[in-house]
Amino acid sequence: MSTAPQNNSDNQEIDLTQISKKIGNFFENVSTGIFKAFLFFKRNMLWVGILFALGVVIGIYLDKTTKEYDNQIIVCPNFGSTDYLYAKIELINSKISDRDTVFLKNVVGLKEPKKFRDISIIPITDVYKFIDNKEQNFELIKLLAEDGDIKKIVNESLTSKNYPYHLISYTTSKVTSNEETLQPLLDYLNNSDYYKIIQKEFVNNIKIKMAQNDTIISQINGVLNSFSGTVNSAQKSDKLVYYNENTQLDAIIKTKDLLVYEQGTHRLELVNLDKIVKENSNTLNIRNVNNINGKMKLVLPFLFVFIFILVGFFKSYYRKQMAKLNS
């Protein structure tokens, strides 16, 4: 007669017994650990209280004296100067990392370069502005979207650098002003001999186009006035006037409407083209409370106590190991 089922049953009972013992030992160790921690804090209550209070005091002092402020500028790079703008921002950031205060003060023009922490630039994702009245850009988005995720396409650097607006962010360790950081930074970004030449020719071309448009609009007005005079004279003389739908009068009126709209667009363009990197808006001195900024009075007390516990744990571990060696 086989004894295999009985052996399997005995093995299962042994396994369950061992598991229950391990679970019991685990909870017993946890209970012992909690009690030891209680005894540790009871023995060192004075030191824990002193360290906690010291952390609060030092944290309050650091929160008052160590502050960071975020500053943001929305800019529009003109004349294809987007890559130039990004390169300039990257150069400034590298000089900050190298602590090259001479460059930041003499070249960039910052009043207090040591208070200038970091700077970055990101495009403001606006696909509608990217394709607004630009059929080529619309076709480009369609073409790129055929082979990939449209959300990924609109955020990748190939597309995003061509958005009209970009956000420059920089951090200072004190309250700043237009004169101290903003204006010197914008002056530095607009200091390019090459793009100044491009700007001059670009603006000149727009003004020439506007002058030509004004001439064409005047000629169209002359044609419309002539037609209006013919109609009025015919009505006064009681003669019939036949209007031929095949005439180009309707096309002339539509052309005038398009030219008037184009003139308005050019006037708005000239407002934004007075600078290579045009500032649209700025927001200065936003108190930075991210991470542990402004929270040192909460962080330091627990940090000091945690370090004290680690030191106590290390001493206990050291004594146990020395006792083992000596025994």
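Predicted model: local features only at pLDDT ≥ 70, side-chain atom pairs only at ≥ 80, totals over all residues.

How much space lies in the second largest pocket? About 550 Å³. On a 1 Å grid over the protein atoms alone, a pocket is an open set of points where a 1.4 Å probe fits, with protein on both sides within 12 Å along at least five of seven lines; lining residues have an atom within 4 Å of a point. Volume is the space filled by probe spheres set on the points.

Residues are numbered from 1 along each chain, and side-chain values use heavy atoms, without hydrogens and water. Mean pLDDT of the chain is 79.

Back to the pocket. Its lining has 20 residues, with Phe-40, Arg-43, Gly-312, Phe-313 and Ser-316 nearest the centre. Helices H1 (4–43) and H12 (296–326) each give two or more residues. Helices here are DSSP runs (H or I, at least four residues). H12 gives the most, twelve.

Now the rings. Rings of Phe, Tyr and Trp (its six-membered ring) pair if their centres lie within 6.5 Å. The whole structure holds six aromatic pairs. Phe-79 and Phe-202 have ring centres 5.4 Å apart and planes at 70 degrees, so they are edge-to-face (over 60 degrees). Phe-79 counts as buried, at 14% relative accessibility.

Key
pLDDT = per-residue confidence, 0-100. Phe/Tyr/Trp six-rings, centres within 6.5 Å; stacked < 30°, edge-to-face > 60°. Buried < 20%, exposed > 50% of the residue type's maximum accessible area, 1.4 Å probe, protein only.
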